[in-house]
Amino acid sequence: PWPLANIRCVDGHYFESMKIPLIRGRLFDERDHAESPQVALISESVAARYWPGEDALGGGIIIDDRVRTIAGIVRDTRHDIRDRASRKIYLPHRQFADNRNWAMTQVVRTEGRRADLVPLIRDELSRIDPDLIVHKVRPMNEVVAFGISQQRFAVMLMGTFAGVALLLSAVGVYGVLSFLVQQRTQEIGIRMALGARRQQVRGLVANQGLRLALVGMASGLAITLAMARWLSSLLFEVSVTDPTIYTGASLMILVVAWLAGYVPARRAARVEPLQALRYE
């Protein structure tokens with residue numbers, strides 16, 4: 001079924017510049033010109049999909065009503081951040097471009113960073129064609145960042161909402177525990193009059209806050225697992241069921257809940273039994 005794969009028209013040392021390794025066969029070279037036999041390179045996922053259990057080298061594919069011989073197989077690459085195995089067919093520019101007026105992307109790999117790289121590239125291209133228009137000169141990390149900008153914004157937005165939710169939760173735990181301490185002042189006074197230590201009183205109040213946090217954690221984990229399929233579209237090389245992430249988030253929630261309950265717990269431990277028994 002069409003399309004078999006994404007088609008890329010390349011030339012020169014494209015594969016070396018992009019560090020796409022050759023698995024079998026050969027890369028394009030000076031032999032692949034307009035009058036020579038039509039050839040193509042395919043990615044390993046194309047070979048596995050259409051030649052399962054066979055060697056795809058020497059096989060043929062039809063593009064633009066022309067039969068092209070597969071000259072080599074290269075490693076899979078990602079065209080999009082969410083791609084797992086992006087199938088690609090590569091064609092030599094001199095056999096496919098004809099006289100089409102296409103915009104081309106030039107890829108230049110350097111050793112280290114050079115401040116004068118862009119002027120050097122412009123000068124070199126102007127020697128080839130003085131009328132060539134060069135625009136959108138960008139480093140590869142900027143290209144990659146632009147490609148994931150939508151996912152990054154979504155994650156940043158979710159992180160902001162999560163931070164606000166965590167803050168509101170901490171304020172809520174603090175408020176609930178403060179109210180409970182106020183309501184149970186006489187009970188706390190009686191406990192201390194009967195021999196309860198201040199450390200035990202602090203633990204009594206703090207444990208209530210942790211129980212609230214545990215209930216919220218259980219609910220949050222259940223909702224997260226239910227939304228795992230939707231969340232997977234926002235993640236890259238991270239599993240939605242990664243135990244490290246769940247463990248870290250749970251520990252952070254417990255720490256925040258303990259800090260939110262520390263002040264009310266400390267206040268409860270400072271209650272004087274005589275004053276508590278007189279409290280109305």
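Among contacts in the chain between residues at least 6 apart in sequence, what percentage join residues at least 24 apart? The figure is 74%, with contact meaning heavy atoms within 4.5 Å. This is a predicted model, where local features need pLDDT of at least 70, side-chain atom pairs count only at pLDDT 80 or more, and totals for chains, interfaces and linings use all residues. Numbering starts from 1 along each chain as its sequence is written, and side-chain values use heavy atoms, leaving out hydrogens and water.

**Overall layout**

- The chain has eleven helices and six strands, taken as DSSP runs numbered from the N terminus (helices are H or I with at least four residues, strands are E with at least two).
- Its radius of gyration is 32 Å, whereas a compact globule of 280 residues would be near 19 Å; the value is taken over C-alpha atoms, and the globule rule is 2.2 Å times the number of residues to the power 0.38.
- The C-alpha trace spans about 105 × 50 × 30 Å along its principal axes.
- Buried residues make up 25% of the 280 (buried is under 20% relative accessible area, exposed is over 50%, partly exposed is in between, using a 1.4 Å probe and protein chains only).

**Nonpolar cores**

- A nonpolar core here is a set of buried Ala, Val, Leu, Ile, Met, Phe, Trp, Tyr and Cys residues joined through side-chain atoms within 4.5 Å.
- The largest one has 14 residues, and Ile42, Trp51, Ala56, Ile61 and Ile89 touch the most other members.
- At least two residues of this core come from each of strand 3 (39-43), helix 2 (44-50), strand 4 (60-63), strand 5 (66-74) and strand 6 (88-92).
- Leaving aside residues up to four places away in sequence, Ile61 touches Ala40, Trp51, Arg66, Val67, Arg68, Ile70 and Ile89.
- There's also a second, separate core of 13 residues, which includes Leu177, Val181, Ile188 and Val271.

**Helix 5 against helix 6**

- Helix 5 (residues 140-147) packs on helix 6 (residues 149-183) at about 60°, and their axes are 4 Å apart.
- That angle makes helix 5 oblique to helix 6 (under 35 degrees is roughly parallel, over 145 roughly antiparallel, 65 to 115 roughly perpendicular, and the rest oblique).
- Axes are lines fitted to C-alpha atoms, for helices over the stretch in contact, and angles run from 0 to 180 degrees between N-to-C directions.
- On the helix 5 side, Ala145, Phe146 and Gly147 meet Ser149, Gln151 and Arg152 of helix 6.

**Gly12**

- Gly12 sits in the loop between strand 1 (6-10) and helix 1 (14-17).
- Gly12 counts as partly exposed because its relative accessibility is 48%.
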